[in-house]
Amino acid sequence: MSDIIIRAAQADDIGTIHAFILALADYERLAHEVKADRETLARYLFGERPMAEVLIAKADGTAVGFALFFHNFSTFEGRPGLYLEDLFVLPEARGLGAGKALLSRLAALAIERDCARLEWSVLDWNEPSIAFYRALGARPMDEWTVQRVDGQALVRLAGR
């Protein structure tokens with residue numbers, strides 16, 4: 001079994017991050033929705049005002065997974081939280097412990113940063129991931145439904 005190393009991504013990891021996003025989108029059957037390119041990702045992840053952070057999981061010196069996350073805020077808790085936007089481990093590296101190591105590091109960051117919680121969404125058909133998350137102690141928030149405004153609806157709502 002390989003030792004898994006988790007490290008913060010650097011600007012020169014942008015190609016790896018982009019490749020992981022494409023692989024995740026393919027796994028989720030959403031490749032047709034990917035608009036992100038390396039330049040845009042570099043601007044928002046490593047530019048003047050970074051909007052998110054990335055952790056890279058390595059096994060035997062090779063990148064095998066990533067976690068992209070950002071801070072949110074709970075008004076009820078009065079404290080920040082971490083929101084995990086994407087977690088992905090290459091299929092051939094699953095079972096090595098990279099996913100658990102990424103989530104463990106995120107939990108440690110949440111505690112270090114005085115966050116009240118760590119949250120994420122998972123597609124309802126993704127039973128292997130749901131089972132994995134439950135085994136780690138995650139609980140579903142079934143009473144909440146995600147809402148989204150994007151595209152032209154976002155432009156209309158902005159009054160533009």
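# Close-up views of a predicted model

**View 1. Aromatic pairs, with Phe20 and Phe66 as a stacked example.** The structure contains six aromatic pairs. The coordinates shown here and in the other views belong to a predicted model. Phe20 and Phe66 make a stacked aromatic pair, with 5.5 Å from centre to centre and 10° between the planes. The pair joins distant parts of the chain, since Phe20 belongs to helix α1 (residues 14-27) and Phe66 to strand β3 (residues 62-74), 46 residues apart. Both Phe20 and Phe66 are buried. Ring pairs also connect Phe20, Phe66 and Phe88 into a cluster.

**View 2. The tilted pair of Phe132 and Tyr133.** The ring centres of Phe132 and Tyr133 are 5.7 Å apart and the planes stand at 50°, so this pair is classed as tilted. Stacking would require planes under 30 degrees apart, and an edge-to-face arrangement over 60. Phe132 is partly exposed, having a relative accessible area of 30%. Tyr133 is buried, with a relative accessible area of 7%.

**View 3. The surroundings of Tyr133.** Tyr133 is part of helix α4 (residues 127-135). Leaving aside residues up to four places away in sequence, Tyr133 touches Leu87, Leu103, Trp120, Val122 and Ala138. Thr75 provides a reference point for distance: Tyr133 and Thr75 are separated by 58 residues in sequence and by 25 Å in space, C-alpha to C-alpha.

**View 4. Arginine side chains over aromatic rings.** Arg29 is placed over the face of Trp125, at 4.0 Å from the ring centre. Arg29 is exposed, with a relative accessible area of 59%.

View 5. Most residues other than glycine have a negative phi. Arg29, although not a glycine, has a positive phi of about 65°. This residue is located in the loop between α1 and α2 (38-46). Asp60 likewise is not a glycine and has a positive phi, of about 55°. Asp60 is found in the loop between β2 (53-59) and β3. Asp60 is exposed, with a relative accessible area of 65%, and Arg29 is exposed as well, at 59%.

**View 6. The salt bridge between Arg113 and Glu53.** Side chains of opposite charge can pair when their charged atoms come close. The structure holds five salt bridges. In one of them, the side chains of Arg113 and Glu53 meet at 2.7 Å, N to O. This pair links distant parts of the chain: Arg113 lies in the loop between α3 (98-112) and β5 (118-120), whereas Glu53 lies in strand β2, 60 residues apart. Arg113 counts as partly exposed at 30% relative accessibility. Glu53 also counts as partly exposed, at 30% relative accessibility.

**View 7. The salt bridge between Asp114 and Arg79.** Asp114 and Arg79 form a salt bridge in which the closest N and O atoms are 3.4 Å apart. Asp114 is in the loop between α3 and β5 and Arg79 is in strand β4 (residues 79-89), so the bridge ties together parts that are 35 residues apart in sequence. Asp114 is partly exposed, with a relative accessible area of 46%. Arg79 is partly exposed, with a relative accessible area of 28%.

**View 8. The salt bridge between Glu112 and Arg105.** The side chains of Glu112 and Arg105 meet in a salt bridge at 3.1 Å, N to O. Glu112 is exposed, with a relative accessible area of 56%. Arg105 counts as partly exposed, at 31% relative accessibility.

**View 9. A nonpolar surface patch.** Val149, Leu154 and Leu157 make up a nonpolar patch on the surface, and together they have about 290 Å² of accessible area. Leu157 belongs to helix α5 (residues 151-157). Leu157 is exposed, because its relative accessible area of 63% is above the limit of 50%.

Terms used:
Residues numbered from 1 in each chain as written. Predicted model: local features only at pLDDT ≥ 70, side-chain atom pairs only at ≥ 80, totals over all residues. Heavy atoms only, no water. Patch = residues over 30% accessible without salt bridge, like charges linked within 9 Å, V, L, I, M, F, W, Y side chains within 5 Å. Areas by Shrake-Rupley, 256 points an atom, 1.4 Å probe, with all protein chains shown as cover. Salt bridge = Lys/Arg side-chain N within 4 Å of Asp/Glu carboxyl O. Helix = DSSP H or I, 4+ residues; strand = E, 2+ residues; numbered from the N terminus. Buried < 20%, exposed > 50% of the residue type's maximum accessible area, 1.4 Å probe, protein only. Phe/Tyr/Trp six-rings, centres within 6.5 Å; stacked < 30°, edge-to-face > 60°. Lys NZ or Arg CZ within 6 Å of the ring centre and 35° of its normal. Contact = heavy atoms within 4.5 Å.
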